[in-house]
Every structure is written in C-alpha cells, then in structure tokens.
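This report describes the aromatic contacts and the ligand site of the structure shown below.

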Amino acid sequence: MKLVNESGKVSLKDMTFPELREWMTEIGEKRFRADQLFRRLYQGAVTPQEITEFSGALRSRLESVGDMTAVSMLRKQVSKDGTRKYLFGVRDGLAIESVFMKYKYGNTACISSQAGCRMGCAFCASGIGGLERNLTAGEMADQIVAMERDTGERIGHIVVMGTGEPFDNYDQLLRFIEIVHDERGLNIGMRNITVSTCGILKRIKQFAGDMPSVNLAISLHAPDDELRRKIMPVAKGYEMSELLEACRYHEEKTHRRTTFEYALMKGVNDSDEHAVKLASLLKGMLCHVNLIPLNYVEEKGLRGTERKNAEHFAEILDSRGIEVTIRRELGSDISAACGQLRLENRG
Ligand code: SAH
C-alpha cells in the first residue's frame with residue numbers, strides 16, 4: 001500500500017518494510033537503500049538530509065517524492081512524574097492525542113488509533129463529536145517516533161488506548177503492529193503491545209489468529225448487560241455472555257491473560273453488588289481486572305469513585321480470587337483527562 005498524501009508525496013511511514021523495499025526498486029534505487037531508510041525513519045530522522053549515508057542526489061529525490069513524518073507536535077504538557085501528554089497534528093489538520101508514561105519496567109506510549117470515535121461511551125471525551133477518520137498505520141507509528149525524538153528516550157511498550165476504537169480500524173491496526181514490531185525499526189516485542197477494545201466480537205476472535213502474542217484489554221465497565229448498555233452503546237449489539245465467550249476463545253487460542261478495564265464511576269457501577277457480580281462473571285478466566293479512577297470529563301457529568309471505595313471494590317474482587325489492580329494515576333498535575341487536550345484544541 002502506498003499512500004499518496006495531500007501534498008502529492010508518498011507517506012513513507014505508511015509502508016511496511018517489504019513495501020518500502022518494493023517502492024525503492026520501483027523508483028530505481030537499490031533494495032538495500034530501503035533497509036537504511038527504514039532504520040533512519042524509526043530512529044527519528046525527519047528529513048532525508050539527515051540520512052548522511054545517502055548521496056545528495058538520493059536525498060533530494062526523497063525530499064521531492066516522499067514524506068518522512070506523518071504527525072507534528074502541536075502541544076505538549078509535562079508532568080512532575082515524567083508523564084507527557086502530546087497533541088499531534090496530522091496532515092489534514094486534525095488533532096490527535098498521545099501519552100508518554102514512565103513505569104518501572106520501562107517507558108510506555110499510549111497512542112490513538114482514530115481521530116474521534118464513533119462508539120459514544122457515556123463517560124468518554126473521545127467520542128464527543130463522533131468519528132472524524134481512521135488514522136493510517138504510519139500516523140499511529142509516528143506518534144511513537146515523535147515521542148522518542150522529543151524525550152530522547154526509548155519506548156519499549158505500547159498501549160493502543162488513546163482516542164478511537166482500534167478494532168474499528170482493524171486493517172491499519174495490523175499494519176501498525178507489523179511496522180513497530182519490525183526489528184529494523186522500533187523493534188517492539190509483540191508481548192509488549194496491548195490493544196484495548198470496547199468489545200467488537202468478530203475482531204476479538206480474528207485478532208487471536210492474526211496477532212496471537214499481542215495482549216488484549218477489554219473495556220468492560222459494567223458487570224451486566226443492562227448497565228453496560230446504558231453506558232456503552234456497543235453493548236446493545238450482543239449479550240455479555242457472547243463477549244465473554246469471545247474472550248475465552250481469545251484466551252484459549254493465545255494463552256495470554258486478558259485485562260478487563262473497569263472505570264469506577266460514583267453511584268453508577270461501584271457498589272458492593274457490582275463487585276460481587278463482576279467477580280462471578282469473570283470467575284475461572286485467565287484475567288486481570290484493572291480498576292481505573294474515572295477521569296472527570298466536564299461534558300459528561302460523571303464522577304469517579306473515591307480512592308477508599310475503589311480499594312474496597314478491589315478487596316471484594318480479590319477475596320473472590322480475581323486478580324485486581326487499581327491503575328496508578330500518572331500525570332494528575334497536568335489536568336487534561338483522556339481526550340481533553342483535543343477538545344480544548346477544537347475550542
Ligand atoms: N476504544 C478502546 C480504546 C480507547 S479507550 C476501548 O474502548 O478500550 C481506552 C480506555 O480509556 C478504555 O478502557 C476507556 O473506557 C477508558 N476511558 C475512557 N474515558 C475515560 C475516563 N473519562 N476516565 C477513565 N477512563 C476512561
């Protein structure tokens with residue numbers, strides 16, 4: 001696939017390595033030049049002039065036919081704990097968000113898969129305004145390269161948990177994973193990548209076959225259909241039992257532990273009864289529950305559960321044999337919640 005962008009240039013980051021090699025030969029260059037170019041693209045070079053091993057002629061040629069970057073930084077917020085939130089612009093003027101986080105095990109990037117989102121979850125800022133468009137694989141990959149370049153640090157883990165529903169942009173998601181996994185480039189291990197979905201059954205099963213080493217996270221947020229359908233429109237299309245069946249299928253095929261994300265919303269899904277129901281729902285699965293303190297989104301009017309109540313909720317799960325953690329809040333001093341930078345930008 002060769003994407004020619006608005007400026008009439010080939011978007012080099014949208015190509016997998018085999019595609020870049022084919023393209024190099026098509027424009028009459030030696031195949032091994034593709035190897036050098038791919039390496040440089042993912043080391044963070046932004047213009048062909050930085051590729052000093054190329055002749056002046058090849059550099060000018062690349063300059064006129066290709067685009068090395070797919071995103072550009074519009075804004076950045078840096079937290080005391082090292083978390084950085086970025087607002088990136090893509091070529092047609094849309095804005096997307098990404099986050100750089102420091103964990104004990106290494107640096108993690110949270111990236112967006114779409115500009116906007118059409119899933120319309122009740123608590124999420126990303127869906128306000130609906131879906132603008134799918135991001136290309138290169139626009140996803142370049143969020144990581146741009147953050148490595150800005151921080152001067154290596155990113156070893158990726159979570160596809162930013163704006164958008166990755167399984168609603170499935171083909172580009174697979175290409176993105178292939179690109180960032182390539183050992184000539186970012187070389188990120190499949191096991192260090194997590195894709196988070198609101199639960200698109202067909203894709204959960206397909207993904208088990210396509211990318212069996214990549215981790216799956218399911219945004220669950222409710223222990224039954226009635227409540228889940230109130231806060232997540234996607235749940236209207238199937239029964240909770242079918243979602244869990246898809247997760248079990250994924251687990252059997254991949255032997256990977258599924259993460260269930262559960263954002264605690266005050267008075268909505270955080271009672272003892274909800275915790276008990278959730279525990280019985282997940283009993284026997286190879287899984288882990290990640291309780292998320294809800295980020296307050298003004299437009300949505302839902303509040304997060306207080307810390308001590310979240311701990312109580314976690315204890316109920318734990319006492320019933322469900323592995324549970326409460327997500328550490330990073331970057332709380334850079335107030336913008338998920339999707340907020342982008343909304344502010346739209347004014
Ligand atoms: N569409 C995918 C990935 C993007 S959302 C999905 O649904 O999983 C990434 C995670 O952030 C999801 O678990 C989502 O439910 C959660 N999230 C959305 N809005 C939030 C908020 N206001 N506070 C905390 N978590 C939120």
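Predicted model: local features only at pLDDT ≥ 70, side-chain atom pairs only at ≥ 80, totals over all residues.

## Aromatic cluster and charges over rings

Phe 17, Phe 38 and Tyr 42 together make up one aromatic cluster.

Lys 205 lies over the face of Tyr 249, and its distance from the ring centre is 5.8 Å.

## Aromatic pairs

Across the whole structure, a search returns 8 aromatic pairs. For Tyr 86 and Phe 88, the ring centres are 5.3 Å apart and the planes stand at 5°; the pair is therefore stacked, since planes under 30 degrees apart count as stacked. Both Tyr 86 and Phe 88 are buried.

## Ligand site

The ligand is surrounded by 17 residues, and the closest are Glu 165, Ser 196, Ser 219, His 221 and Asn 295. By residue class, this shell contains 8 nonpolar, 7 polar and 2 charged residues.

In the side chain of Glu 165, an N or O atom is 2.9 Å from a nitrogen atom of the ligand. Ser 196 places a polar side-chain atom 2.6 Å from a ligand oxygen atom. For Ser 219, an N or O atom of the side chain lies 2.6 Å from an oxygen atom of the ligand. The ligand taken alone exposes 530 Å², of which the protein buries 95%.

Note on methods:
Residues numbered from 1 in each chain as written. Heavy atoms only, no water. Near = heavy atom within 4 Å. Polar contact = N/O pair within 3.5 Å; in protein donor to acceptor, adjacent residues only side chain to side chain. Areas by Shrake-Rupley, 256 points an atom, 1.4 Å probe, with all protein chains shown as cover. Nonpolar A, V, L, I, M, F, W, Y, C, P; charged D, E, K, R; others polar. Phe/Tyr/Trp six-rings, centres within 6.5 Å; stacked < 30°, edge-to-face > 60°. Buried < 20%, exposed > 50% of the residue type's maximum accessible area, 1.4 Å probe, protein only. Lys NZ or Arg CZ within 6 Å of the ring centre and 35° of its normal.
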